[in-house]
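Here is a short report on one protein model. Please keep the sequence and the 3D view open while reading.

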Amino acid sequence: MAKAVNTKQSPFISVRNLVWIALGFAAILYGNTLKNVYNIDDELVTIKHRLTSKGISAIPEIFTNPYYKDEMGYSYEYRPVTLVTFAIEHELFGDNATVSHFINLLLYLLCIFLFILVATKMSGSENIFFLFFSVLLFVAHPLHTEVVASIKNRDELLSLTGGLLAFWLAFKFIDSGSYLYLPMLALTFIGAVLSKMSVFSFVFIVPFWFIITNASGRKIILITLSLLLPSIAALLLRKMEPSQIVFISASLSLLLIFIFVSYRTKWSDYISDNAGRLKNLFSYDENNFSAKIDTTDIIVLVITLAVIAYSFITYNFFVLIPVLAVVLITPYFKARHSIIDFFLPGLLIAFLSAFLETKHIEWFYYFFLATLFLKTNFNKTYSLISYVTFALFFGVSYYFKSGELPEADRVIIPLFFVGVDFALGKFNVKKKITVAVWSGIILLMLLLSFLVGELDFAPVVFPFAALLLQFAGKKILPRTFALAIVIFFALAVYNIPSPFVKIRFKAKAKTETQAVNESSQTQAESVSTVPRSINTQSTIPGNGVDRPLDFVEFPLGFSPTFSEKFGTISYVLGYYLKMMFVPYPMCYYYGYNKIKIVNLSNIWVLLSIIAHLVLLFSAIFFIRKYPFYGIGVLAYLSSIFLFSNLVSPVAGMIGDRLAFVASFGFCIAGGYALSHLYERATAQNRKIITVGFSFVLVVYSGITIARNAQWKDHMTLYKHDIKYLEESAQAHNLLAKRLLLESFQQRSSEKQYQMRLEGVKHYEKAIAIYPEFFNPHIDLGKAYLLVNRLDDAARIYLKAAKMDTTYYDSWFQAGGIFVQLQKYPEAIICFEKVISKDSSYLQAYNSLSEVYFRQKNYEKAIDINLRAIELFPGNYDPVVNTGKTYFTMGDKANALIYFEKAYLINPNDRNLILAIAGIYKDFGDKEKSDYYFLKAQQISR
């Protein structure tokens, strides 16, 4: 355990008393949620839900279905545990909002209780001030209101509750050593991640806490596996692509290896040592060069910076994983010369890189790690094993990725260079000869590429990397050559051809990289006209087809520049951090243009970047001295990072609920910081801290209670928040929809009219914010009709038709309005447009025939109806309309033919039967006339 600060416990505040204080405090703050009804998105889990409304019997089906699925076939996420709780609730209580709110409150109380247990275990029950500050800060934090007051957000409550319970079970295992806690931990954590993946960061946080508190390595490994295996199982249950599962699993494994390695490496010594070496690089002393600089570290630094630059420029962050692995493990490996230390990370990097789209870059890391292994171990046999393992493992991984064997050069070429390097070392060839061999190979390949006009980047990386590493620690590396290294790798990694790299490299960049960029650019250009939606998927998608995100939900997906992407992501992170300290104003939704696309020059972006870097580095450097602060900050950063829009897109860009798990780390770090100040303060300063913290609690409590009341129902929430969401297109759209919907429930026609006018205003505002926002155009057209603004309705439908030429209903609706306005030529244009776009649109034929009928263009009306009859045999409307047209023309014989055909299709239309009877009467056929009159009388009865 971390050594707690020696402090006297208050006789009035014990851990037990703190539990009752915290639970009572929370009950007071959130008691008013019980009066609320269903609100935004609650229908996703309640009220005639496709699964939960079946009750307990639906549980098996819940575990085989996605969390969300609509009639259009879109589905996303996999949160069966959350849905199971609602199914059980429905079985016992039906659809009851009060019961649902009460269960959410109970879960929040349980979450607080587990927070206290975990914090108590972390502090060893000795630091009551730490517990007091952190627990009460957690209880009162207003950002939790959306999680507790919104029934749908029970998934966040279940996720953090399960994560905290798993954390506490890990403590129990560490303390007792009983293996019974491990399956309980695994089961609890899989329940947490199957509620929602928000708690995924605990895979990193929980083991890391026990590492920094110097727990048993064996126990840490078992805890890690108990968290990691359920996480992988959850990924499998989410029915992800195999490559995605392998990627995430390997990433987690690599992360956990880093956890073990990084803490037990003296980073401060390593950094200061290499900083001095870097400084010496610029004061080169040829006679004493090897004593001043380790070239291996320089190469690591150069390649790291180049690849980081490449990843940011191309927005390809997967490539960072292997390079960061190299950087992070280098100081550890340089100190420990164990084959296991190199073998496992090497396998993971090979395993990981096989599933990335980095093309040739990953090959350098295979070679680099193997050569680094050779340099530190001086064992040729182990080196050869390592080389072969990398190559074979990559081959297997590549096979499972593509479904076919890898290209020959992917295995043969690296094995060739492995053999060259092995032979040069095996026969103790002099260093200068080794350098000459590798230099010759490079020059030969460049010469060949110049002659044939082709060069594949992968083969060049191997000999060049070998050449660099042969220089390591020797006197033959002049400063000019070091500069050449930087330039070459900068050019190579940036995919900018050097003077030696000719046609094939350019062509390859065109087909593999620029093609993607051009596609993105084409999309960006189309977005500037009509950026309706983007088919983005989360990193951990659910089964089915993920719901595409519209521009107003995720404008970042349409941003073409690096600066805007990372500027906006940094802004989002800064907004979350600001809300942790000043949680006001809170909004149920953000989106475009509440969250603006900003670039890296924005002052708030720069401040956010600085703040997060300070937090990260302060956590790393102070984690040994102040473990509570370090783990709290790392817990916050790793949790909120999941919702930064970098890992996966977030609908609305920001969500108050998404900060819930991250608030655990914030309250741990913040509570410790306050307790640290309090314990070292004078009596007078303690009073100031107490008053200040009390003031914060009072303010937070007031905000929380008020916010709960604002979640009473849709209209209360929407109308309250709109004053903070004046720039949010989606917020205006949602409020307008709610106004129109609830207007139908009003008994007063005047009240109906006023609500509809208000709805029109908000639809118009949504469109003004984002002129290409498609759905509000359609809904605004309907709203205009309700307030009898027919000309405006026709105008907005025509605009919508031009925005989306595949949505033909816009033309149809406009045509219908023109009919009401008796603007028949315009109506004809609209209906013919629909038919030309979609020949199966039956209603358009019917409406078009009606327009021609009204114009007394009977021949044209009959022609349209006959076309419809041919296309839709057995359909009633075009048949009866043809009969009516003939009847109006006075052609009763043809009218009778089509009327009788219509009767066979629908024998229950009394007016049709009376018309048939009348025609037979006019023809003098009394028998048939009486027959049909009798049929009509039978229907009237």
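The report goes from the whole chain to local details.

## Basis and overall make-up

This is a predicted model, in which local features need pLDDT of at least 70 and side-chain atom pairs count only at pLDDT 80 or more, while totals for chains, interfaces and linings use all residues. Residues are numbered from 1 along each chain as its sequence is written, and side-chain values use heavy atoms, with hydrogens and water left out.

The protein has 41 helices and four strands. Helices (H or I, at least four residues) and strands (E, at least two) are DSSP runs, numbered from the N terminus. Of the 941 residues, 53% count as buried. Buried means under 20% relative accessible area, exposed means over 50%, and partly exposed lies in between (1.4 Å probe, protein chains only). Contact means heavy atoms within 4.5 Å. Among contacts between residues at least 6 apart in sequence, 69% join residues at least 24 apart.

## Helices α39 and α40

Helix α39 covers residues 892-905 and helix α40 covers residues 910-922. They pack at an angle of about 145 degrees, with their axes 10 Å apart. Axes are lines fitted to C-alpha atoms, for helices over the stretch in contact, and angles run from 0 to 180 degrees between N-to-C directions. The crossing of α39 and α40 is left-handed. That term applies if the near helix is turned anticlockwise from the far one by less than a right angle; clockwise is right-handed.

On the α39 side, the contact is made by Lys-892, Ala-895, Leu-896, Phe-899, Glu-900, Ala-902 and Tyr-903. On the α40 side, Leu-912, Ile-913, Ala-915, Ile-916, Ile-919, Tyr-920 and Asp-922 take part. The residues of this contact divide into 11 nonpolar, no polar and three charged. Here Ala, Val, Leu, Ile, Met, Phe, Trp, Tyr, Cys and Pro count as nonpolar, Asp, Glu, Lys and Arg as charged, and the others, Gly among them, as polar.

## Aromatic rings

A pair of aromatic rings is described by the distance of the centres and the angle of the planes. Rings of Phe, Tyr and Trp (its six-membered ring) pair if their centres lie within 6.5 Å; planes under 30 degrees apart count as stacked, over 60 as edge-to-face and the rest as tilted. By this rule the count comes to 44 aromatic pairs. One of them is stacked: the rings of Phe-167 and Phe-171 have centres 5.2 Å apart and planes at 15 degrees. These two residues are four apart in helix α7 (residues 154-176), so about one helical turn separates them. Both Phe-167 and Phe-171 are buried. Phe-204 and Phe-208 are also stacked, with centres 5.3 Å apart and planes at 20 degrees. They are four residues apart in helix α9 (residues 202-212), so they too are separated by about one helical turn. Both Phe-204 and Phe-208 are buried.

One aromatic cluster is formed by Tyr-30, Tyr-108, Phe-115, Phe-138, Phe-167, Phe-171, Phe-202, Phe-210, Phe-660 and Phe-664. Charges also sit over rings. The rule is NZ of Lys or CZ of Arg within 6 Å of the ring centre and within 35 degrees of the ring normal. Arg-79 lies over the face of Tyr-67, at 4.5 Å from the ring centre. The charged end of Arg-756 is over the ring of Phe-744, 4.6 Å from its centre.

## Backbone exceptions

Most residues other than glycine have a negative phi, and most peptide bonds are trans. The peptide bond from Tyr-584 to Pro-585 is cis, with omega near -5 degrees. The bond from Tyr-592 to Asn-593 is cis as well, with omega near 10 degrees. Pro-585 is in the loop between α24 (562-581) and α25, and Asn-593 lies in the loop between α24 and α25.

Ile-47 has a positive phi, near 50 degrees. Lys-48 has a positive phi, near 60 degrees. Ile-47 is in the loop between α1 (15-30) and α2 (59-62), and Lys-48 lies in the loop between α1 and α2. Ile-47 is partly exposed, at 37% relative accessible area. Lys-48 is exposed, at 73%.

## Two residues in context

His-612 belongs to helix α25 (residues 603-622). His-612 is buried, with a relative accessible area of 11%. Leaving aside neighbours within four places in sequence, His-612 contacts Leu-573, Gly-574, Leu-577 and Leu-637.

Leu-642 is in the loop between α26 (627-641) and α27 (660-680). Leu-642 is partly exposed, at 21% relative accessible area. Leu-642 and Met-197 are 445 residues apart in sequence, yet 9.2 Å apart in space, C-alpha to C-alpha. Not counting residues up to four places away in sequence, Leu-642 touches Met-197, Ser-198, Phe-200, Ser-201, Val-647 and Ser-648.
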